[in-house]
Amino acid sequence: MRKIFVLMMIVILGMTLSGCNSSKEVEIIQIEPDDLITMAELDTFLFRDDVQYVDLRNFNSRYMSGYIEGFENIPFFDYLDYRIFDRNGEYEFSPDQIVNTREIERLFNPDKAIFLYADGCIRSGYLKDVLDYLGYERVYVLGGFYEYQGEHLIIGTGDFVFGDMFS
């Protein structure tokens, strides 16, 4: 009886371990320079090591309205404007508006696909033009934050106040 029990335990253990070894091959979709990637397809491309995910909205928008999980916040107006480019209030890119290419290279990885979003497409489109001019090949404007309907939406509380100090 004891031998049968031990034999059954070995068989069960073998089946369990063999089940752990079966690998599910997940096909990674290659991201090509001419691809059109929008908020509708975003969940298919999230959490990849070969993509840099950038939310261009300012801090208060991110925390009041919410954000998409996995995106880093690099604020367009609160940081990029006048530090890496000087648009003079315009959204039509011109190469002479770039003031700090070193900071652009520090913030944006040219070896990765770069996914951009803001409230709409104007800020993302402007930054895409800057990065395209500098030789970045895979920069994608996803659309506006409110277009995202996926499962990785983090809802904001609506009561965030940015800064409460006097100088």
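Me: Does Phe 71 count as buried or exposed?
Reply: This is a predicted model, in which local features need pLDDT of at least 70, side-chain atom pairs count only at pLDDT 80 or more, and totals for chains, interfaces and linings use all residues. Residues are numbered from 1 along each chain as its sequence is written, and side-chain values use heavy atoms, with hydrogens and water left out. Buried means under 20% relative accessible area and exposed over 50%, with partly exposed in between (1.4 Å probe, protein chains only). The relative accessibility of Phe 71 is 4%, so Phe 71 counts as buried.

Me: How many aromatic pairs does the count come to?
Reply: Rings of Phe, Tyr and Trp (its six-membered ring) pair if their centres lie within 6.5 Å; planes under 30 degrees apart count as stacked, over 60 as edge-to-face and the rest as tilted. By this rule the number of aromatic pairs is 14.

Me: What kind of aromatic pair do Tyr 53 and Phe 71 form?
Reply: A pair of aromatic rings is described by the distance of the centres and the angle of the planes. For Tyr 53 and Phe 71 these are 5.3 Å and 65°, and the pair is edge-to-face.

Me: How many residues apart are Tyr 53 and Phe 71?
Reply: Helices (H or I, at least four residues) and strands (E, at least two) are DSSP runs, numbered from the N terminus. Tyr 53 belongs to strand E1 (residues 51-55), while Phe 71 is in the loop between strand E2 (66-68) and strand E3 (72-73). The pair thus links distant parts of the chain, and the number of residues apart is 18.

Me: Which kind of pair do the rings of Phe 145 and Tyr 146 make?
Reply: Their centres are 5.1 Å apart. Their planes stand at 70°, so this pair is edge-to-face.

Me: Over the ring of which residue does the charged end of Arg 57 sit?
Reply: A charge sits over a ring if NZ of Lys or CZ of Arg is within 6 Å of the ring centre and within 35 degrees of the ring normal. The aromatic cluster includes Phe 45, Phe 115, Phe 145 and Tyr 146. The charged end of Arg 57 is 4.1 Å from the centre of one of these rings, that of Phe 145.

Me: How many residues of E1 are buried?
Reply: Val 51, Tyr 53 and Asp 55 point one way from E1, and Gln 52 and Val 54 the other way. In a regular strand the side chains alternate between the two faces of the sheet. E1 is mostly covered, and of its five residues the number buried is five.

Me: In which order do the four strands form an open sheet?
Reply: Two strands pair if DSSP finds at least two bridges between them. E1 is joined to strand E4 (residues 113-118) by five bridges and to E3 by two bridges, while five bridges join E4 to E5. The pairing in the open sheet is parallel, and the order is E3-E1-E4-E5.

Me: Which strands stand at the edges?
Reply: Each edge strand has a single partner strand, so one side of each is left without a neighbour in the sheet. The strands at the edges are E3 and E5.

Me: How far apart are the C-alpha atoms of Ile 68 and Tyr 53?
Reply: Ile 68 lies in strand E2 and is buried, with a relative accessible area of 0%. Contact means heavy atoms within 4.5 Å. Leaving aside neighbours within four places in sequence, Ile 68 is in contact with residues including Met 39, Tyr 117 and Phe 145. Ile 68 and Tyr 53 are 15 residues apart along the chain, and their C-alpha atoms are separated by 9.5 Å.

Me: With the side chain of which residue does the side chain of Arg 87 make a polar contact?
Reply: Arg 87 is in the loop between helix H4 (76-80) and helix H5 (101-107), and its charged end sits over the ring of Tyr 91, 4.4 Å from the centre. At 5% relative accessibility, Arg 87 counts as buried. A polar contact is a pair of N or O atoms within 3.5 Å; within protein, one must be able to donate a hydrogen and the other to accept it, and residues adjacent in sequence count only if both atoms are side-chain atoms. At 2.8 Å, the side-chain partner of Arg 87 is Asp 81.
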